[in-house]
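The following exercises concern a single protein chain. Each task sentence is followed by a solution in steps.

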Amino acid sequence: MSNETLKTGDMPADEFRKYGYEIVDWIANYFEHIDEFPVLSQVEPGWLTDNLPASAPESGEDFGAVLADVDKLILPAVTHWNHPNFHGLFSTSTSSVGVFGEMLTAAFDMKGMLWRTAPASAELETHVLDWLRQMMDLPAHFEGIIYDTASVSTMHAIAAARERAGFRIRDEGMSGRGDVPLLRVYCSEHVHSSIDKGVITLGLGLRSLRKIACNERFEMVPEKLAEAIQEDIAAGYKPICVIPTVGTTSTSSVDPVEAVADICEKYGIWLHVDTAYAGSTAILPEMRHHFTGRPVEDDETDPKSKIQNLKSESGWERADSIVVNPHKWLFTPFDLSVLYCKDLSVLKDAFSLVAEYLKTSDEQTVKNGMDYGIQLGRRFRALKLWFVIRYFGVEGLRSRLREHCRLARLFASWVEESPDWKMMAPVPFALVCFRACGGPHVSKGVTSDADLNAHNERIMNEINASGRAYLSHTKLNGKFALRLSVGSIRVEERHLKKVWRILNEHLGAV
Ligand code: PLP
């Protein structure tokens, strides 16, 4: 290999500019033509692996060739989360300014462990999370910290609850001790699996997780929670944390946080609210009642008005911790999850550990991100959220979220009016759960629940395989239900009309 081709330094600035402009053009074209792609990647498992060289190149390659391979090899294997007809799971998408945030974050490449190693990250994070807190009208005592995902935010919240329960588990651990009873965590049957994974990771074990029954609207029944806690206390167990969800993963149902907060207060239990999906809608005054439990009119007042200040705390305002994911429904590219805590020092007590080489003279006066979790280095994620909030403004974000909720209700109204389809759950936000029922246009013989389950599953699989739209599913009381989530920054009414047309095309073809 000649010395001329050996690349030991970074890409020269001119070359960087050339490819940088090309990549920006590429992304602009991608967003402009996003709805021409199949939503779900059409490749079979192993396709990309089979097309990649088995080992790394010995000499550096021309970057033009690398970019050409993005079109040839990567693009076919992309499932397009940004596609306006991505309605599966929760529909999430990035805004273009969010991409700019990621570009600059990568360029700075700072590791936000200490204030000193990344002052911009440390201070912007605190500041932008305070903006978001105000936008959601949460009380001023909530302080936030950014993690990658809600799974990690919730795991940290449970760790804080465990710390506050006593038992010195941080130092003594849980194994080989006879003085720690079974520690209990409570949530509903419809929660996200991240809660199960949190208790696994923290060594509490799945046995510690007690799932509380729901009513016909898929909301946790507070009386059942109170009964479970009393039963556990009588059995010598220690309840440490209750996790109601506002916007459950399965149906987006809303657990009664105010009633749950009363129970937590009575028994001195940590209250963690999982609103990873729906939390963004707290920026809409007309949606706040889902979070606070107050009547709609009370929450529709201007947050800055005096009346608002006189209101006593209610619902999620009484929580010890809350998780909200701007990467789900605030047009911020994955990943960015926020954990708000009433008292962040509990988290610090659980996790702070300052090795000699990390000691700084200013640690009493600054916030060092590494003190609040298991990570040492932390990405400069606040930048992209700052870009998003400044670019759209709070009113821009509100109006986009309102439009999503309107589109979901519109879609639900088509389902309600059709004899062939049936709603399966209420629509508090922008997720519609529905299914084909035994209406007049369903093929003969498709009548039992098992038949209808298979029928709906087939409809979903056919549509997903076609690449024209993507839907996912849940099971509600044993019934297979289709889930249509409206959340893309690019989704318009015509996209909903399209998916409704496709659903009806697939309805009867058994
Ligand atoms: N909580 C809820 C209610 C969710 O819906 C989800 C994901 O959809 C999560 C937590 C987990 O989110 P993440 O992927 O950020 O861990």
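**Exercise 1.** Determine which elements the buried residues of helix 8 pack against, and which residues these are.

*Solution.* The buried residues of helix 8 pack against helix 6 (150-164) and against strand 2 (183-188), strand 3 (209-212), strand 4 (238-243) and strand 5 (270-274). Contact means heavy atoms within 4.5 Å. Helices (H or I, at least four residues) and strands (E, at least two) are DSSP runs, numbered from the N terminus. Helix 8 covers residues 193-201, and its buried residues are Ser194, Ile195, Asp196, Gly198 and Val199. Buried means under 20% relative accessible area, exposed over 50%, and partly exposed in between, with a 1.4 Å probe and protein chains only. Just after helix 8, Gly203 adopts a positive phi of about 80°.

The model is predicted: local features need pLDDT of at least 70, side-chain atom pairs count only at pLDDT 80 or more, and totals for chains, interfaces and linings use all residues. Residues are numbered from 1 along each chain as its sequence is written, and side-chain values use heavy atoms, with hydrogens and water left out.

**Exercise 2.** Which residues touch the most other members of the largest nonpolar core?

*Solution.* A nonpolar core is a set of buried Ala, Val, Leu, Ile, Met, Phe, Trp, Tyr and Cys residues joined through side-chain atoms within 4.5 Å. The largest one has 97 residues, of which Phe411, Trp421, Phe434 and Leu503 touch the most other members. Helix 16 (residues 382-417) supplies the largest share of this core, 15 residues. Beyond four places in sequence, Phe411 touches Val432, Phe434, Leu484, Leu496, Val499, Trp500 and Leu503. A second, separate core of 34 residues includes Cys187, Leu202, Val323 and Ala350.

**Exercise 3.** Is Met113 buried or exposed, and which residues does Met113 touch?

*Solution.* Met113 is located in the loop between helix 4 (96-108) and helix 5 (119-135). Met113 counts as buried because its relative accessibility is 17%. Leaving out residues up to four places away in sequence, Met113 touches Leu358, Asn368, Gly369, Met370, Leu376, Gly377 and Arg378. Tyr372 is 259 residues away from Met113 in sequence, with a C-alpha to C-alpha distance of 9.9 Å.

**Exercise 4.** Examine the backbone geometry in selected loops.

*Solution.* Most residues other than glycine have a negative phi, and most peptide bonds are trans. Phe218, in the loop between strand 3 and helix 9 (222-234), has a positive phi near 65°. At 6% relative accessibility, Phe218 counts as buried. Phe331 lies in the loop between helix 14 and strand 7, where its phi is positive and near 60°. Phe331 counts as buried at 1% relative accessibility. A cis peptide bond, with omega about 10°, joins Phe334 and Asp335. Asp335 belongs to the loop between helix 14 (326-329) and strand 7 (337-341).
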